[in-house]
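Take a look at the model below. We will walk through its strands, its helices and the surroundings of its ligand.

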Amino acid sequence: MKKLIISFNSSYRQYTVNEINNLCRQITKENFIISDLSSDVIVLEFSGIVNYMEFSELVRSSTCAFIRHICPVDFETDNYLDMAAKALPYCDTELTFSIQTRCLTEEHKTSPSEINKFTAGELIKNGFTLNVKNPEQVISIVTNDEVYYVGISNARLNLSNWPGGIRHFAVEKEQISRSEFKLLEALEVFEIDTDNFKTALDLGAAPGGWTRMLTKRGINVAAVDPSKLDARISNNKNVKVFQEKAEVYLLKNVNAKFDIIVNDMRMDSNDSCRLMNEASHYLSSDGYGIITLKLIPEKLMKQIGKSLEILRNKYDIVGVRQLFHNRNEVTVAVKRK
Ligand SMILES: C[S@@+](CC[C@H](N)C(=O)[O-])C[C@H]1O[C@@H](n2cnc3c(N)ncnc32)[C@H](O)[C@@H]1O
């Protein structure tokens with residue numbers, strides 16, 4: 001049996017299980033077992049020839065929204081002190097490493113940082129090079145205090161560089177809204193490099209968190225919202241404010257092209273996607289779009305399906321994810337067709 005660990009938001013467990021079932025049926029005719037390790041972590045066991053890379057590629061190429069982080073299980077142990085020695089055969093000395101420990105119990109015997117420090121120290125003694133920020137291999141440890149599940153993989157295969165996909169950002173004193181984190185997380189998860197971006201259109205920009213994040217990266221922003229933006233944003237010389245609805249702005253046919261269009265409008269997700277489609281001709285040919293779909297719990301799957309169908313008229317879907325910083329939302333990244 002091969003095992004892997006899947007993390008998600010506990011409120012969306014059933015949807016995550018449905019996604020896992022669909023993926024498993026595509027990949028294997030053999031049995032698979034889903035068991036809960038905690039309210040937001042599942043262990044998936046396969047028989048047969050399924051490998052971790054194959055599973056990861058399937059998740060990444062699909063429109064799974066609720067699987068937030070995965071990691072393989074190469075071995076299990078009940079003692080973290082022998083973990084490094086047991087991990088050695090699975091690690092490549094030529095590659096830099098980091099250790100990511102996630103403890104699922106609130107009161108744990110040993111803290112994640114102690115486990116990380118001890119295990120990293122043992123690997124360094126064996127000639128390995130630690131690179132916490134940009135590791136070439138990650139040693140993922142998930143524990144419920146009884147069993148340590150340990151797996152070694154390339155961080156990219158895990159869907160997120162953070163244990164369990166739990167991404168924390170430092171709060172800046174200039175922060176305008178917590179929504180800022182949603183945009184930062186989306187850019188990271190969907191691997192959107194903004195270095196060469198010069199212009200952005202922000203639909204539903206108020207109070208201005210996303211616009212602030214974009215201007216911080218040197219991008220000029222057209223910020224559209226009938227509500228007022230925070231004065232620190234509306235007074236920014238790199239921001240052009242359109243205090244009106246997106247519907248009105250998009251009818252104007254302004255002569256502009258944007259490297260990225262972001263849309264966090266609080267409205268019905270299908271309507272929001274239709275407006276996103278209307279905005280598509282403003283997007284430069286290799287530009288990206290990011291949109292949050294506000295979800296209604298009772299019709300969530302239908303809603304996501306319909307919204308993606310609408311977006312596909314004008315865009316290719318890069319990814320869909322219920323991000324750590326999303327509340328009752330999922331975030332979609334798109335590219336122009
Ligand atoms: C969640 S807030 C956006 C937060 C913003 N991303 C930030 O970081 O500060 C949603 C916004 O959508 C705006 N909105 C709702 N309907 C809109 C429409 N038709 N056109 C433009 N904006 C709209 C609301 O006025 C509200 O400011």
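The paragraphs below go from strands to helices to ligand.

This is a predicted model: local features need pLDDT of at least 70, side-chain atom pairs count only at pLDDT 80 or more, and totals for chains, interfaces and linings use all residues. Residues are numbered from 1 along each chain as its sequence is written.

Start with strand β1, residues 2–7. Helices (H or I, at least four residues) and strands (E, at least two) are DSSP runs, numbered from the N terminus. Strands pair if DSSP finds at least two bridges between them. β1 runs antiparallel to β3 (residues 41–46), and six bridges join them. Leu 4 has Leu 44 of β3 as its bridge partner. β1 also runs antiparallel to β4 (residues 69–73), this time with five bridges. Here Ile 6 is partnered by Ile 70 of β4.

Now turn to an open sheet of four strands. Its order is β5-β8-β7-β6, and the pairing is mixed. β5 (75–77) and β6 (97–103) are the edge strands, each pairing on one side only. From one strand to the next, the twist averages 20°. β6 runs parallel to β7 (residues 137–143), and seven bridges join the two. Ile 99 finds its bridge partner in Ile 139 of β7. In a regular strand, side chains alternate between the two faces of the sheet.

A helix covers part of this sheet. α4 (residues 112–125) lies across β6 and β7, at about 150° to β6. Axes are lines fitted to C-alpha atoms, for helices over the stretch in contact, and angles run from 0 to 180 degrees between N-to-C directions.

How do α5 and α6 pack? Their axes are 7 Å apart, at an angle of about 50°. The two helices are therefore oblique to each other (under 35 degrees is roughly parallel, over 145 roughly antiparallel, 65 to 115 roughly perpendicular, the rest oblique). On the α5 side, Ser 179, Glu 180, Leu 183 and Leu 184 make the contact; on the α6 side, Gly 209, Trp 210, Arg 212 and Met 213 do. Contact means C-beta atoms, placed from the backbone, within 7 Å.

Which residues come nearest the ligand? Of the 23 around it, they are Ser 179, Gly 204, Gly 209, Ala 246 and Asp 264. A residue counts as near if its C-beta atom, placed from the backbone, lies within 6 Å. α5 (179–189), α6 (209–216) and α8 (246–251) are the elements that give two or more residues to this shell. Ser 179 and Gly 209 also belong to the contact of α5 with α6.

Key. Two residues are in contact if their C-beta atoms, placed from the backbone, lie within 7 Å.
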